[in-house]
Structure formats: C-alpha cells, structure tokens
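Dear colleague,

My notes on what was found in it follow.

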Amino acid sequence: MIDPELTVAALEAFAERLAVAARSRATVLLGTGHPHRLLGFYAALADALSAAGCAVLTPAQGRCVDITTRFGLRTHNLDYVRGVALVREPGVPRPGCATGAHTHSPLPVRTALAAAAEAGGPLPELVIGDHGWVCGAGQLGFEAIGLADTDDPALFVGEAEGRVSVVVPLDDAVRSDYYRPLTRYVLNRACLSQ
C-alpha cells in the first residue's frame, strides 16, 4: 500500500528540486527503465526544463549496452526520445519512437555518463529517472531524483544512504495516461507549466 501523504510530500520535494534546476539552468540527464509507462512523464519534464533554459543531455546515442539478466546477456542500444534516454533491443527499426525495453540496470546511465565525460562534458548537475538511472547516477556521486515503485526498494535504500535526493513512491505499472495528473501537478508546483 502506498501512503498518499508520503507520495505528496515526495512530489513536493521533487517539484522543488526541478524548480531549483530550472532557476539555475542546470544541465540535466533524464532516463527511464519503464519507457512504456513513464516516458510521457519524463518527456514533459525534459520539454519544460529545456524551455526554462536547461541543457538536456543526450550522450551516447546509439551506443551498445550489454545487460546481464536472469535470461542471459541482452544487448541493447541507448536511444533518446524527446530528451529521455531508454534502451531498446537491436533491430528496432525506428530510432526516436517510444518503444523501448524495461530494465532496472544501472549500465545505461553509466554508459551515458562515461560518454559525456569522454567527450569532455558537460556532465549533468541533476539526473532524473527511475530504477537504474537514479541509483546508478547516485552511486557515482551525481545528484539524482526519481520515481520508485514500492515493490522495488533500491531507490528507497539509495535515499536512506544519502545517494538519492528525492524518491517518489508510486505504482509504476499503470497505464501511461494515468500519469498525466502527476505530470501536471509536478510542473505546476515547479512553476514550469507552459
């Protein structure tokens, strides 16, 4: 069960951190391991932050990311849709389309951050996402905020350890259009509504 008061408090903190990023025109990196469900939420944030003058990074476009799963080694390619990173299996015919693979791996964010560093920067001042994107960035010392399904404790542990700044508890497996009110709430609270 998700405590609505904890979720609202976390959404307030999440929105405040977005507002600070927008005011300072921070460099941001967004990514998701749940592209089928959460891509619209993150894309709206990327659009709003970009409109506010933030640089939305897209390093390592097309780079190969090998992820070991319980089913064996899976090769994916890093892609960006509306400024949001995701991974997709090789052979997906249309780069930039919304379909992507579900993953909790930190390897995609590590690949993106390594590519940004190899290119001489800039590096993100804030990483926004879920699962491996947030935990992987936090473990490397980048400020990270994100959404977390309550059945996956990784982000909550990262927050308790001080590696993740803000974690919003929610259900990350509902239809993507159910996140529209959440998107509007966060953008309104961050004064980023367009």
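Asp79 is buried, with a relative accessible area of 4%; buried here means under 20% relative accessible area, exposed over 50%, and partly exposed in between (1.4 Å probe, protein chains only). This is a predicted model, in which local features need pLDDT of at least 70 and side-chain atom pairs count only at pLDDT 80 or more, while totals for chains, interfaces and linings use all residues. Residues are numbered from 1 along each chain as its sequence is written, and side-chain values use heavy atoms, with hydrogens and water left out.

Asp79 belongs to strand S4 (residues 72-81); helices (H or I, at least four residues) and strands (E, at least two) are DSSP runs, numbered from the N terminus. Its side chain has a polar contact of 2.6 Å with that of Gln61. A polar contact is a pair of N or O atoms within 3.5 Å; within protein, one must be able to donate a hydrogen and the other to accept it, and residues adjacent in sequence count only if both atoms are side-chain atoms. Asp79 also forms a salt bridge with Arg88 (2.8 Å, N to O), and Arg88 is buried at 5% relative accessibility.

**Other salt bridges**

A salt bridge is a side-chain nitrogen of Lys or Arg within 4 Å of a carboxyl oxygen of Asp or Glu, and by this rule the count comes to 8. One of them joins the side chains of Glu12 and Arg189 at 3.0 Å, N to O. This pair links distant parts of the chain, with Glu12 in helix H1 (residues 4-23) and Arg189 in helix H6 (residues 180-189), 177 residues apart. Glu12 is partly exposed at 27% relative accessibility, as is Arg189 at 46%.

A salt bridge also connects Glu118 and Arg63, whose closest N and O atoms are 3.6 Å apart. Here Glu118 lies in helix H3 (residues 107-118) and Arg63 in the loop between strand S2 (55-56) and strand S3 (64-69), 55 residues apart. Glu118 is exposed at 62% relative accessibility, whereas Arg63 is partly exposed at 35%.

**Strand S8**

In strand S8 (residues 166-170), 5 of the 5 residues are buried, so the strand is largely enclosed by the rest of the structure. Val166, Val168 and Leu170 point one way, and Val167 and Pro169 the other. S8 pairs with strand S7 (residues 144-149) in the parallel sense over 5 bridges, pairing being assigned if DSSP finds at least two bridges between two strands. Ala148 has Pro169 of S8 as its bridge partner.

With kind regards
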